[in-house]
Amino acid sequence: MGARRTSNVNIRNKRASFDYELLDTYTAGIVLTGTEIKSIRQSKASLADTYCTLINGELWVKGMHVAEYFYGSYNNHQAKRDRKLLLTAKELRKLASDAKNPGYTIIPTKVFINEKGLAKVVIALARGKRQYDKRETLRENDDRREIARIMHRG
């Protein structure tokens, strides 16, 4: 077998760090059909408004949009179906116990293709930010940008 080239697929949930305080991250495998992986390899997926839920001890991602594969025919997938995430039993137990706390949720933050060509999802245990926390984050980002601009000019 020849060496695989590294993939540049990097689909991010841009609102995650703005709306949530990310506490703990995990990398999970994702169960996909053939046309779904082909769409993801073309970066035709979105993590906007996605979240994860535990059902019968299994973690599922809900609301993840994977565009239908252009060359897929009658066996094309549904764009917004629920997809199972693959984690170890120990990780699932820890996430289940942590997510039971009020205000905590599990959200996907990034989808990428690893060096073996498998799709992976980075999920995070997160706590929702209040409105004033969001304003604070915006202020910090503006300050950081301003400092970088001054340093760059200097």
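Let me start with a term: a polar contact here is a pair of N or O atoms within 3.5 Å, where, within protein, one must be able to donate a hydrogen and the other to accept it, and residues adjacent in sequence count only if both atoms are side-chain atoms. Keep in mind that this is a predicted model, where local features need pLDDT of at least 70, side-chain atom pairs count only at pLDDT 80 or more, and totals for chains, interfaces and linings use all residues. Residues are numbered from 1 along each chain as its sequence is written, and side-chain values use heavy atoms, leaving out hydrogens and water.

Is Arg83 buried or exposed? Arg83 is buried (under 20% relative accessible area, against over 50% for exposed, with partly exposed in between; 1.4 Å probe, protein chains only), and its own value is 0%. The side chain of Arg83 makes a polar contact of 2.8 Å with the side chain of Glu36, and it also reaches the backbone oxygen of Met64 at 2.9 Å.

On to helix H3, residues 89-99; helices are DSSP runs of H or I, at least four residues, and strands are E runs of at least two, numbered from the N terminus. Which residues of H3 are buried? They are Leu92, Leu95 and Asp98. Those three lie on the same side of H3, because they cover an arc of only 135 degrees around the axis, taken from the directions from the helix axis to the C-beta atoms. The face turned away from that buried side carries exposed Lys90 and Arg93.
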